Amino acid sequence: MMKRIGIAIIIALFVLAVVQVGAQSRVVFRTVTGKVEIQNPGEQAWLPATAGMEVPIRATISTGFGGGAILELGATTLTVRQLTRLRIDELSTQNKVTRTNLVMPVGRIRADVKSTAGTSTDFKLRSPVSTAAVRGTGFETDGASLSVFESVVAFLSESGISINVGAGETGATGDGGSPSGGANQRDANTGVVPYTSPTGGGGNGNGEPGLGIGTITVHWN
Amino acid sequence: MNPLKSMVLIVAVAGLSLITGSAFALQGDFGVTLDTSTMLSSGVVDTSAESVYKAAAWGELFQNLAKGGSLDLTAQGSYRYTAERPYIFDLDLLRFTGLFSAALGEGTAVELKAGRFNFSDATKLILDQTMDGLQISLLFSGFQVRFAGAYSGFVLNPSSNVRISADDWLEVNDNSVFFGPKRLVAQAMVGSDSFALQALAQFDMRGDSGTEIVNTQYLGIVGTPRLSPNFYMDYNFTASYGQSTIGNKTTNLISALGGFGFRFYAENLAASQAHARVTYATGFTPIVLLLNNFSLEDFRPITQPTIGLAFSPRLANLLYVDVGYSFRPFFKNPSSSLSNIEPLVGALVFFRDPVPLLVSGTPADILVNDLNPSSNALYLGTEIDAGVMARIFSDLGLSVKGGVFVPNSSAFTSNRGIGFVLKIEASAAM
């Protein structure tokens, strides 16, 4: 009898472990506004998305002009803006880590990344020029720039160099291999540059035209 | 592949690409920009109005490489008109940029720049100038290492802001001098936005033709760490050593530059940004230490920064407080024309370096023409600035700035009154 109970406990633990290791969270449309379509993996056809519809892994979501959707990925919420294309490559929980891998070739999303009790989060969003890896909970990105609302997001340029972008800050991929952030990036975000030269040629590298007025000496009468 | 081998390969690829040009066949862009700047002033002796008109043509060839790397060749030539110098044809920019991803392993990149482009130090108070040279940056996650070498002697004199020695200053408005001062500049920097260590050196290449030969070296720290979500601290300190040789006499130049301040950003509050900063540059201070006589000298940057609109003395024997605020009242308006309007206000309060007065009982002379030699006053005056910057369209920008300098009448000779300066700039692209 004891032997049977022991075997039953072992089988139960094994089944629990298998379920835990292979657990795959669901992705569901919470709301859909305007034209939103979904292309299931391996299929060519685009189907209209509706609220409550489940999104298979490796499906691609497309929003049209004026369209948008809110997706639930477990405890995480994704707000997909208009004119966005998004593919969900992975959403799984293994060893108490919820892994999410998204690919966004074009568009803009806002992510509010949350963990369920007892799990940690490994959330990555890749665009053609950058990768945002979440250590915190909230950011918005169009692929080339990223604004963080809560905690810290690791922002990687296409060449693989990363900076940490904190709440309230913006990271951006620009010229050169390093993504930029910090105070100088906020200068660029908040300030207006009246100079139109795209090269910054002849000036100070910030777009000023370099009119040759280095030192102005003014003598008062 | 070991790092040395990687570097050799990068330089070889970059050189070949630059020579052949064929690597840039895939993408290109070009355009023309028109810029004008007019400065009107009231109460000045020798300047009442000054206008500069500039037409520039630029072109760019670009090719993507693997893993986010790229090759880029950008050039810009211009014609500039002023009443004093009606024909200035200049090569503003001729820059090859090679970005080589994972050159030193995953998560790294090497950026190589060569040609004519802007070189600057992290503060932009010591060096900020277009020159001819080479810059290599080793980019890692969180920090970078940069080495640069450049020559200033092929930059046109009206385009050069390299002013260090007495000879350099004599040539500022000399139309017979075609090229700017000849200097060899070397630069090294390691660090991040929060903390960086930088070293600079410039070597005077005038040779026997100069009446004063000045070589200077700079070692400093600089950073802008984040204190809270909206506050950043600015700090920099640079110690400078140099040698001034006049005839057979060489004088050692020991000087320093420091700055400390804060920046505030609030994007949700109409894209507000504010700053308050104190900058200090040493003046001549004789010091007796352990029976040895030596002196701190006037700080000599490689290029002179423009400090104020109406009052911009040399960055030496100076302590000034700079405060400013700007915002974009229509920041969230869907119209980009309205959204890109930025009013700004600011103030600069100028003092002479107080250290000479404390040490020797006499303040050092600031390098302006009409200082009252019998005055011990440290306070020099206050400048109030206001203006609007606007990017009406992506291809049209405007800037209007006004400055009022209220001098301390006891610090200057008696004929200096309140001065007004208005600067209007327009920029168009096609």
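In chain B of this predicted model, 56% of the contacts between residues at least 6 apart in sequence join residues at least 24 apart. The secondary structure of chain B comprises four helices and 21 strands, and its C-alpha atoms fill a box of roughly 65 × 55 × 50 Å along the principal axes. Of the 430 residues in chain B, 39% are buried. The average pLDDT of chain B is 88, with 91% of the residues scoring at least 70, while for the complex the predictor gives an ipTM of 0.81 and a pTM of 0.81.

The contact between the two chains draws on 44 residues from chain A and 84 residues from chain B. On the side of chain A that touches chain B, β15 (162-166) and α2 each supply at least two residues, and the largest share, six residues, comes from α2(A). By residue class, this side of chain A divides into 15 nonpolar, 27 polar and two charged residues.

Helix α2 of chain A, spanning residues 182-190, contains the buried residues Gly182(A), Ala183(A), Gln185(A), Arg186(A) and Thr190(A). These residues lie on the same side of α2(A), because the arc that they cover around the axis is only 160 degrees. Their packing partners come from both chains: β16 (170-172) of chain A is joined by β11 (226-228), β12 (231-246), β13 (249-266) and β14 (272-281) of chain B.

In soluble globular proteins, nonpolar side chains tend to be buried together. In the present model, the largest nonpolar core has 41 residues, and those with the most contacts inside this core are Ile61(A), Ala69(A), Leu71(A) and Val153(A). When neighbours within four places in sequence are left aside, Ile61(A) is in contact with Val36(A), Ile38(A), Ala49(A), Val55(A), Ala69(A), Val80(A) and Leu86(A).

Definitions and conventions: Residues numbered from 1 in each chain as written. Chains lettered and ligands numbered in written order. Predicted model: local features only at pLDDT ≥ 70, side-chain atom pairs only at ≥ 80, totals over all residues. Buried ≥ 20, exposed ≤ 12 C-beta atoms within 10 Å, placed from the backbone. Arc of directions from axis to C-beta. Contact = placed C-beta atoms within 7 Å. Nonpolar A, V, L, I, M, F, W, Y, C, P; charged D, E, K, R; others polar. pLDDT = per-residue confidence, 0-100. Core = buried A, V, L, I, M, F, W, Y, C linked by C-beta atoms within 7 Å.
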